[in-house]
Amino acid sequence: MLYREAGQFKTTYVADQQIFPILQDRMFVLAVIVAAFLAVPMFASPYLYTEILIPFLILSMAAIGLNILVGYCGQVSLGTGGFMAVGAYAAYNLWLRVPEVNNLIVVFLFGGVMAAAVGILFGIPSLRIKGFYLAVATLASQFFLDWLFARVKWLTNYTPSGSVAVGKLEVFGWHIDTPADRYLLILGLVVVATLVAKNLVRGHIGRSWMAIRDMDIAAEIIGFRPLRTKLTAFAVSSFFIGVSGAMWAFLRLGAWEPLAFDINRSFQILFMVIIGGLGSLLGSFLGAAFIVLMPILLNQLPGWFGIRMSTALLSHLEFMVFGAMIVFFLIVEPHGLARLWAVAKEKLRLWPFPH
Amino acid sequence: MGLRKAALRKAVIFGAAVAAAGFVATATVQAQTPGPNDQFIAGLIYRTGAYAPNGIPFANGIADYYALVNARDGGINGVKISYEECDTAYATDRGVECYERLKNKGPTGTAYVSPLSTGITFALTEKAPIDKIPIISMGYGRSESRDGSVFQWNFPLLGTYWSAADIIMQHIAKKEGGFDKLKGKKIVLVYHDSPYGKEPIALLEQRAKMHGFEFTPMPVTHPGVEQKATWLQIRQNRPDYVLLWGWGVMNSTSIKEAAAVGFPRDKMYGVWWSGAEPDVRPAEDGAKGYNAAMLQHGAGQFAVHADLKKFLYDKGQGSAKYDETGEVLYNRGLINGMLGVESIRKAQTKFGNKPLTGEQVRWGIENLEISAARIKELGFEGMLQPMKVSCSDHEGTRAGRIQQWDGKKWTVVSEWYESDDKVIKPMVDAAAKKYAEEKKLTVRDCSKES
């Protein structure tokens, strides 16, 4: 009853083209953002920050990046981990070698730009290679980048073990020390990135991506240049992924090795996009929440209920239940969690008088 | 639609039933909520994942030692140990999650952490100074972290990878008749492609420069079940010795591949993480003659095992089977538990017999000294050498031996070696200095520490 748009008239195009045309949606999203910025820091524990919110937000951003490529432009990619690594190591090298640039925003943007450049490079074959074959080609980029960061010693500053570390971070003189600082910085970046992504996908560029996704020959005939369109998708997608990689390294790990961005990371983010919903920004967040939080939840749930069991059984159960849940959600709604959400909203609009 | 829903519901109910059956069927290991007078210790272990065969005996050893201290002595000077495990599956991000979950449990938080993973150790090294929780990385972790002036919170007790590599090289040199005989020899390192496997490279390169042997590192990607290409290369190169820096299933695969290409196993030397029963047993006869460095102790049952039997296993409270309690990795878990408990005991002499914080336990580890008499008292005679930790030396001791697998058991085949500080110390100093500069850290002056 509360969720009804009756009486909300749009008298201008601007009003009609808003991101959230329905007042209730607008209020809800604003409330969530305000709560995330103001309410969460009032009660959150370090554990909630470092293990729940920070990984969720950073991987949401990576999922948004991949969703642009896979969900909006239809180019399947398995190189996400590699592009995250490019962002992380580019940011690390700028931070290390140019101490004057002691501003994380600049450092992260540099990581994103380098990732975009590498993304364009590996996106070039997408003009000729399609579908599963492209997935295999991007898989090659993953392995190449893994190899690069493990073998080219300069990139890891000649550390004996190939593991690098960062410390003393700041943004415009704001020292990023506590988990709360990190969280707020990440939250700010993710909100801005999501806004940018939303405006990209609903504008001219996003429409050209979707045209390519739905039928590339038709898109070419109506005047979209396939190479340029695909490469912009690769560039934008890799940029987001690169920034998230840099954030993952700097703000989540603090010390990392190339293994942090291996093929499993690529799969993890692709699963987020698939389970969350292809071609949906909300889906990126839902997918990230599902993949990041569900295993941790499953692992702790028995303890909260006072059920004591061996550590090994707990881990095995976590795997089994998590796998079963993935299968369950994909059977119930193959279009992802975002679609479930949309269906729920539709039902809510008709409630309590469904047809 | 209705049919599908019904089928789904059935499937869900069935799944729940299976899970419920699982709950009932298993013994409980997880700790209870720590009481207000308990010393809490977090256990970052792994009983699942690719490295579980090696992780399980180690985890059992640690759990049993704490249980023994509680059952036999009523805790550490009356302070009961409350121990909780968290399964990391050897993954760095899960390890960090476990650490964050457990670090503040109990009245004073965890006394220390021992993650049994070089990757997790690296990640926690960044958090330790902030959380004030010491890391006991016994026989693993950063080699330069033995420099306590920079790495205040890291304790790679009993030996670092540089020590391990040096001990193996000394043994090889002795067999060849001196380091000068190594000139022109070919030595290959087959290593797990992670910070763990890469650690010894710096030392081996240094030794190669000093003695003029040809050193080739060959990486194997996680988890290490695919090594055909590596061993084909080894067959072509015909190196004189192969060093193995593997973990989990990678070790047994390496030994099997060595047998398959006919590389003599007695010219193979593993690090102490490549020298336990799960590494050689799968290779069966192929493992005969394979050597590995020892982190002080080997396999076998000692005085402490009699106590374990009396206080735990006879009452059915042990975590393993009693026959398995003499295995290499189980014993290592016992020692890890013992060093932790002794550190807490040492810290209690200064801070009192009550649950201690990580910061207080750190002092205990740094001032830990275990004499031969004390080792005997604890029931570890024959497993350990006396050791003494200090601000400038967080390793405590650098002694090790070499053992050989005869097809049925490990036998010790060498005298005690001590890694050469003339070679290692300058490297530690340089690496620690570089780390401190990169991280913009303030370095402690160890000469001023009591």
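The dialogue below takes a predicted model and asks what lies behind some of the words used for it.

Reader: What makes B:Ala89 buried?
Author: The cut-off for buried is 20 or more other C-beta atoms within 10 Å. B:Ala89 has 20 C-beta neighbours inside 10 Å, so B:Ala89 counts as buried. B:Ala89 is found in the loop between strand E2 (81–87) and helix H3 (92–102) of chain B.

Reader: What is the phi of B:Ala89?
Author: The phi is positive, about 55 degrees, although B:Ala89 is not a glycine. Most residues other than glycine have a negative phi.

Reader: Why is B:Arg238 called exposed?
Author: B:Arg238 has 9 of them, so B:Arg238 is exposed. This residue sits in the loop between helix H7 (228–237) and strand E7 (241–245) of chain B. B:Arg238 is not a glycine either, and has a positive phi of about 50 degrees.

Reader: Which residues are in contact with B:Thr357, leaving aside its neighbours within four places in sequence?
Author: B:Thr108 and B:Gly109. A contact needs C-beta atoms within 7 Å. Another pair spans the sequence: B:Thr357 and B:Phe40 are 317 residues apart in sequence, yet 9.3 Å apart in space, C-alpha to C-alpha.

Reader: How do you know that A:Val118 is buried?
Author: Set the count against the cut-off of 20 or more. A:Val118 has 25 C-beta neighbours inside 10 Å, so A:Val118 counts as buried. A:Val118 lies in helix H5 (residues 104–123) of chain A. Leaving aside neighbours within four places in sequence, A:Val118 is in contact with A:Phe83, A:Val86 and A:Ser238. The C-alpha atoms of A:Val118 and A:Gly82 are separated by 9.7 Å, and the two residues are 36 apart along the chain.

Reader: Why is strand E1 of chain B called mostly covered?
Author: Strand E1 (residues 39–45) of chain B has seven residues, and seven of the seven are buried. In a regular strand the side chains alternate between the two faces of the sheet. B:Gln39, B:Ile41, B:Gly43 and B:Ile45 point one way from E1(B). B:Phe40, B:Ala42 and B:Leu44 point the other way. Both sets are buried.

Reader: How do you know that E1(B) and E2(B) pair?
Author: Pairing takes at least two bridges. Seven bridges join E1(B) to E2(B), which run parallel. One of the pairs is B:Gly43 with its bridge partner B:Glu85 in E2(B). The chain crosses from E1(B) to E2(B) through helix H2 (residues 52–73) of chain B, and this β-α-β crossover is right-handed.

Reader: How many bridges join strand E5 to strand E6 of chain B?
Author: Seven bridges join E5 (residues 186–192) to E6 (residues 214–220), and these strands run parallel. The cut-off for a pair is at least two bridges, so they count as paired. B:Val188 stands opposite B:Thr216 in E6(B).

Reader: What makes the unit of E5(B), H6(B) and E6(B) right-handed?
Author: The test is the path from the first strand over the helix to the second, with the strands pointing away from the viewer: a clockwise path is right-handed. E5(B), H6(B) and E6(B) make a right-handed β-α-β unit, so their path runs clockwise in that view.

Reader: Which residues touch the most other members of the largest nonpolar core?
Author: The core has 227 residues. A:Ile68, A:Ala88, A:Ala91, A:Ile186, A:Met247 and B:Ala293 touch the most other members. Helix H3 (residues 46–72) of chain A gives the largest share, 16 residues.

Reader: Why is this core said to lie between two domains of chain B?
Author: Domain 1 (39–159 + 299–389) and domain 2 (161–294 + 402–420) both give residues to the core, so it lies between them.

Reader: How many residues of these two domains are in contact?
Author: 15 residues of domain 1 of chain B are in contact with 19 residues of domain 2 of chain B. The domain 1 side divides into eight nonpolar, six polar and one charged. The domain centres, taken over C-alpha atoms, are separated by 27 Å.

How values were computed
Residues are numbered from 1 along each chain as its sequence is written. Chains are lettered from A and ligands numbered from 1 in the order in which they are written. This is a predicted model: local features need pLDDT of at least 70, side-chain atom pairs count only at pLDDT 80 or more; totals for chains, interfaces and linings use all residues. Helices (H or I, at least four residues) and strands (E, at least two) are DSSP runs, numbered from the N terminus. A residue is buried if 20 or more other C-beta atoms lie within 10 Å of its own, exposed if 12 or fewer, and partly exposed in between; C-beta atoms are placed from the backbone. A nonpolar core is a set of buried Ala, Val, Leu, Ile, Met, Phe, Trp, Tyr and Cys residues joined through C-beta atoms within 7 Å. Domain bounds come from an automatic or database domain assignment. Ala, Val, Leu, Ile, Met, Phe, Trp, Tyr, Cys and Pro count as nonpolar, Asp, Glu, Lys and Arg as charged, and the others, Gly among them, as polar.
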